[in-house]
Amino acid sequence: MASQAFKRVERRLSGARRLLTTDTHSRRMAQVRQRGTAPELAVRHAARLAGLRYTTRNPDLPGSPDLANRTRHIAIFVHGCYWHRHAGCPKATTPRTNRRFWLAKFGRNRQRDRAAVGALRELGYRVLIVWQCETGDPVHLVKQIRRLLG
Ligand SMILES: [Zn+2]
């Protein structure tokens, strides 16, 4: 008897845990950005080669850009192709299950990105978005950053 009741509770709990895991996971991925990822390091390296000094902790700027130079009014985002929906990129897939949930979530991510870029431009910043899939080409990265610097 007791063990059966226990099993029922356990089943309920494991279901709850599943929900919690999905929720926690998506929240973590969406809000707590990973820092110092390989794509980010590649962009930092290219920025140094292009002669751009930068800070990597920028919570005071809209969208907390991955690299910023306040004197030169430069902001650079290194975006993961999946979460930030790189248009036409094979990495920007959509999960088959809970499709509507994911589409809504991705929509909010894109909206947040657009708002950050808009707010930075209003502050007089030039903004560059580097996609994760572009970070394997250092020459291209340096060129992009040099162009941004004008
Ligand atoms: Zn991409």
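## Contacts of Val 43

Leaving aside neighbours within four places in sequence, Val 43 touches Leu 67, Ile 76, Val 78, Val 130, Thr 135, Leu 141 and Ile 145. These contacts belong to a predicted model.

## The nonpolar cores

Val 43 is also part of the largest nonpolar core, which has 16 residues. Val 43, Leu 52, Ile 76 and Ile 145 have the most contacts inside this core. Two or more residues come from each of helix H2 (38-49), strand S2 (74-79), strand S3 (126-131) and helix H4 (138-149). H4 gives the most, with five residues.

There is also a second, separate core of nine residues. Among them are Ala 75, Ala 116, Val 117 and Leu 120.

H2 has 12 residues, which should span 16 Å at 1.5 Å a residue; the end C-alpha atoms of H2 are 17 Å apart, so the two values agree.

Which residues of H2 are buried? They are Pro 39, Glu 40, Val 43, Arg 44, Ala 46 and Ala 47. Seen down the axis of H2, the buried residues fall within an arc of 165°, so they line one face of the helix. The background is that an α-helix has 3.6 residues a turn, so residues three or four places apart point the same way. The face of H2 turned away from the buried side carries the exposed residues Ala 38 and Arg 48.

## What H2 packs against

The buried residues of H2 pack against strand S1 (67-69), and also against S2, S3 and H4. Just after H2 comes Gly 51, with a positive phi of about 80°.

Key:
Residues are numbered from 1 along each chain as its sequence is written. This is a predicted model: local features need pLDDT of at least 70, side-chain atom pairs count only at pLDDT 80 or more; totals for chains, interfaces and linings use all residues. Side-chain values use heavy atoms; hydrogens and water are left out. A nonpolar core is a set of buried Ala, Val, Leu, Ile, Met, Phe, Trp, Tyr and Cys residues joined through side-chain atoms within 4.5 Å. Buried means under 20% relative accessible area, exposed over 50%, partly exposed in between (1.4 Å probe, protein chains only). Helices (H or I, at least four residues) and strands (E, at least two) are DSSP runs, numbered from the N terminus. Contact means heavy atoms within 4.5 Å. The expected span of a helix is 1.5 Å times one less than its number of residues. The arc is that of the directions from the helix axis to the C-beta atoms.
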